[in-house]
Every structure is written in structure tokens, then in C-alpha cells.
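Hi everyone, thanks for making time this morning. Have a look at the model on the screen, and then I'll walk you through it.

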Amino acid sequence: MRSSSAGTKALRLDRARGCLLGAALGDALGATVEFMSRSEIKARYGVHKKIIGGGWLYLKPGYVTDDTQMSICVARSLLKCGGFDAVDMADTFVEWMRTGPVDIGSTVAQGLRRYIAKGSVAAKECQWHGGNGALMRVAPIAIAALGCPDSLEGWAVGQAHITHNHPLSDAVCVAVSRMIQSALSEKPLLDLLEIAHELVREHPEFTFRPYDGKAGGFVGETFATAFSSFYNTDNFEDCLVECVNKGGDADTTGAVAGMVAGAWYGARGLPKKWLNKLERNTKKELIGLAEALLEIG
Ligand SMILES: [Mg+2]
């Protein structure tokens, strides 16, 4: 019989893989309908539930966008440095930007240009930095910081500030990281939900119940879209389908829903038909990264 600690380790690994792969699936599924409205999606697809690529980026099926690519940068840098190092992470982002990615957010590009010009690893607080570009790449931080709990907040906010410095972005990066850690630690669902309720009590901009239907790139809208979908469903596939069919910033709402739902339901809860579509190299790297990130700390 397997010892309970081996069982816990296996479950934790399954959930860490679910988190990273889940975010990538949300990105790949949502990218098809990014910037479409709910009614446009309905008219064109009925319910959008297949990984078919396309969208405004003309993606090949199973390919991912900046959400997953930047998460991979975060993970690679954490592994290289054995934890968060702002300079190395900024360098990793810049190296990625120079490859000419299929998409890059304007705040991200601006932040990386500031780093290149001035060497500063933290943006100044700015009222226009409330976009979801730091939230979309937070999953590896949550996994890596599991072994060093005192580091979580500093790492989540530190990675965010390379490009985004806004109190709401900071708050949601920390909260979603804590939710992922709650799932990886096998805490009851109520614990994860309480983190969301606490976030909303502190910052009503994140209210997800009732959900107001706005699915844009502002962190309040992105979180509410992703989390209301998680809250209203009881499996990964339904959560992601509900989420991306809201349209708007669907690749990123999908990635955020995917990282939380993937951590909760685990890799075993991810639909095989979607995993089979995910671009092979990305999938392989994410599976390996999940295991390596858990070893940090
Ligand atoms: Mg994207």
C-alpha cells in the first residue's frame, strides 16, 4: 500500500500539472473568440467548446498566446534562480519579446521597454495598470512558492510589478496564487472560496456573484468572469466553456479560470480531447515544469 505522503505527493503533482495545463487549455480555447461578444459567439458557434485555433490571431489549433508563453517565462526563471529574481525574470521576458510573439499586451511591452531603457525591475504605480497581464502568468509562482509560504506575496507582486503596478492587480495576483495553493494543499473547497470572498470584501471590483457579464481585460472583470464560471460549475470542461463563451478577453479569462479549475480538478480532470489538441512541445514543457516547480523551496 502506498504511504499517505506518497499519495499526497502524487495528488499535488497532478494538481500542479492541472494548473499549468489548465491555464494553457483556457488560453488555446479562448483565443478563438477573443474580442467577440457573447452574441457574436452564439451566432457563429452556438456554444464554442472545441480547440480549433483561428480568432483574430489566426492561431493554429492547439497553439497558445502570450498568457501561456509568459507563464513559461516565469517558470523557467524561477527554476533557473531557485526562486524569484526580478532581474532574471525581466531578462527572460525581454528575450521572449524579442522572439516576436504572436501577441503582447501594451502594458507588458511598455514595462519591458522601461526595463531595457532604465534597468528598473518595477513599474511605478499607475492608474492604467489594472489590466490582467500580470494575473495571467501567476500560476508558476503559486506552485513554486508552495514550499516557501513566506515568499508567496513578495514573489506574486514582484513578478507583477515588472510590468504592472496597480493595487487591484497586486491583490488579485496574491489571491489567485493563494487559491491555487489551497487546491494543491488539498484544503476543502470552502477554503478556496473564502479567499475569493475575502478579495471581494476588500475590493468590490472583483464581485463575481452576481456576475455583471463584463469580460474585458480589467482585472476586476477578468477575475469575475473566470471565478463565477468556476463557482457555477462542477467540472473543468463546463467551467471553461462557460467562461470563454462570455467573449471579451477570452484567452486570458480562460487562462485564469483554467489555472484555478485545473489546480482544483487536477490533470486527471482535464478533457482528453482538449489535451490531445494542445501543441505538443508546450504540453510537454508544462508537464515537466509543474514537477520541477514543486521542488523549489
Ligand atoms: Mg493572450
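I'll talk about the metal site and then the aromatic pairs.

A quick word on the ground rules. This is a predicted model, so to speak of local features I need a pLDDT of at least 70, and side-chain atom pairs count only at pLDDT 80 or more, while totals for chains, interfaces and linings use all residues. Residues are numbered from 1 along each chain as its sequence is written, and side-chain values use heavy atoms, with hydrogens and water left out.

Let's start with the metal. Which residues coordinate the magnesium ion? They are Thr65 through OG1, and Asp66, Asp67 and Asp251 through OD, at 2.0 to 2.4 Å. Donors here are N, O and S atoms within 2.8 Å of the metal (3.2 Å for Na, K and Ca); water is not among the atoms, so sites may look incomplete. Along the sequence, the donor residues follow the spacing T-D-D-x183-D. Are Thr65 and Asp66 buried or exposed? Both are buried, where buried means under 20% relative accessible area, exposed over 50%, and partly exposed in between (1.4 Å probe, protein chains only).

Now to the rings. How many aromatic pairs does a search of the whole structure find? The search finds nine. Rings of Phe, Tyr and Trp (its six-membered ring) pair if their centres lie within 6.5 Å; planes under 30 degrees apart count as stacked, over 60 as edge-to-face and the rest as tilted.

Take Phe208 and Tyr231: their ring centres are 5.5 Å apart and their planes are at 55°, so the pair is tilted. Phe208 sits in the loop between α9 (189–202) and α10 (219–232), and Tyr231 is in helix α10, so the pair ties together parts 23 residues apart in sequence. Helices are DSSP runs (H or I, at least four residues), strands likewise (E, at least two), numbered from the N terminus. Phe208 counts as buried at 4% relative accessibility, whereas Tyr231 is partly exposed at 28%.

For Phe236 and Trp274, the ring centres are 6.3 Å apart and the planes are at 70°, so this pair is edge-to-face. The pair links distant parts of the chain, with Phe236 in helix α11 (residues 236–244) and Trp274 in helix α13 (residues 272–275), 38 residues apart. Both Phe236 and Trp274 are buried.

Finally, ring pairs link a cluster that includes Phe208, Tyr231, Phe227 and Tyr265.
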